[in-house]
Amino acid sequence: MADWDLLLTDARIATMRQGEPDYGVIESGAIAIAGGVIDWIGAAAEVPGREAGETRSLEGRWVTPALVDCHTHLVFGGQRAEEYERRLRGASYEDIAAEGGGILSTVKATREASDEQLYADALPRLHALAREGVATVEIKSGYGLDLDNELKMLRVARRLGEHSGLTVRTSLLAAHTVAPEFAGDADAYMDRIVDEILPAAAREDLADAVDAYCESIAFDARQVERLFSRAQKFGLRVKLHADQLSDGGGAELAARFGALSADHLEYTSPEGVRALAEAGTAAVLLPGAYLTLNETQQPPMGELRESGVPLAIATDCNPGTSPLCSIHFAMGLGSRLFGMTPEECLAGVTREAARALGLGHDRGTLETGKRADIAIWDFDHPRELAYWLGTHPLSDLLIAGQSPRPIP
Ligand code: DI6
Ligand code: FE
């Protein structure tokens, strides 16, 4: 019986380990895998004399931790290309939302779609991420806005994880916007979430976290506080769409609840940044939405960096503000629109994205004891992931040390 299932040799390894400069690089390295976990990693010349079931030379290719997309609305019905045309002709996102378009038009399409249709529609989007080296994806509900349809969305997300071999982490986002049946009465809809939808999702173990949209066109800090207090009673961590279109105190609110992450942050104040830093809450930057909305207010990148707030990047894949199914493109936007370095971008979709999902203990860097979720690349240096737009440099993806099976 071999000690290791697989030994990867002749590899250039970007470990992305915290605190190590220059991508945590091991120039001529090897990785030993047993039971889907990294059992040894280091210089090839120092590999312990143990037996491996299979030894595979990577012929000098780069390897990095498999990528993590920590903020997606990947499951939804329909699409909103027609609205996109209207926005290009001058209609604002808020105008369209006020007319019952926007999120509510996707709510209608999602409610009308069967589980099978939602699964089939989401599959190509999940494929697109996996083809770019993504092994862990967060998927939110938030287009059902009633008990049956919110649970329907979360069950589809769970099934995508079970069938694809990727890790899917789910977030209940029933507080995405006010359900049409409760138009004008956000408090009454929040009662429905807190008293019915959240307990049901928790009972069925359908949600790994709870999220909300804290914004002038959705829910205010007081309403979100009610939701987060109840989430914590169910032992669920929270995350928050915060300060995207205005400073609603979202970052401070997320920090107060020890949120895993606060996401968007274009209008977050210096006080909000300080609160995130003190709470250890990660910032999830969503440049796809920033670009699609023609936003001009950048997140406070300098303050976030100086305060040591972990910086993650994600696609925010959704039919309205970020119809983006490319984590590589999101990295390219993070560097071009938010001035993030290529190393910050790669850390943002590995180490820091894992942290934003509460998974920093078992993935996001290449270290002994972590999952052998490993991306193998055909490029000259990892900085090229933020540099090129539209290329496909992935050579192979190992999920728990195995090449993923085709997603049915
Ligand atoms: N912020 C966003 O950008 C998306 N949701 C949110 O809370 C928009 C989702 C949509 O327009 O469908
Ligand atoms: Fe989002």
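## The iron site

The donors of the iron ion (ligand 2) are spaced H-x1-H-x167-H-x74-D along the chain. Donors here are N, O and S atoms within 2.8 Å of the metal (3.2 Å for Na, K and Ca). Water is not among the atoms, so sites may look incomplete. The coordinating residues are H71 (NE2), H73 (NE2), H241 (NE2) and D316 (OD), at 2.1 to 2.3 Å.

The four donor atoms of the iron ion make angles of 83 to 168°, and the site is irregular. Four donors count as tetrahedral if all angles lie between 85 and 135 degrees.

## Model basis

This is a predicted model: local features need pLDDT of at least 70, side-chain atom pairs count only at pLDDT 80 or more, and totals for chains, interfaces and linings use all residues. Residues are numbered from 1 along each chain, chains are lettered from A and ligands numbered from 1 as written, and side-chain values use heavy atoms, without hydrogens or water.

## Around ligand 1

Ligand 1 has 13 residues around it (a heavy atom within 4 Å). R80, Y93, Y143, H176 and T321 come nearest.

Polar contacts are pairs of N or O atoms within 3.5 Å. The side chain of Y143 has an N or O atom 2.6 Å from an oxygen atom of ligand 1.

Notes. Polar contact = N/O pair within 3.5 Å; in protein donor to acceptor, adjacent residues only side chain to side chain. Tetrahedral: all angles 85-135°; square planar, octahedral: opposite > 155°, others 65-115°.
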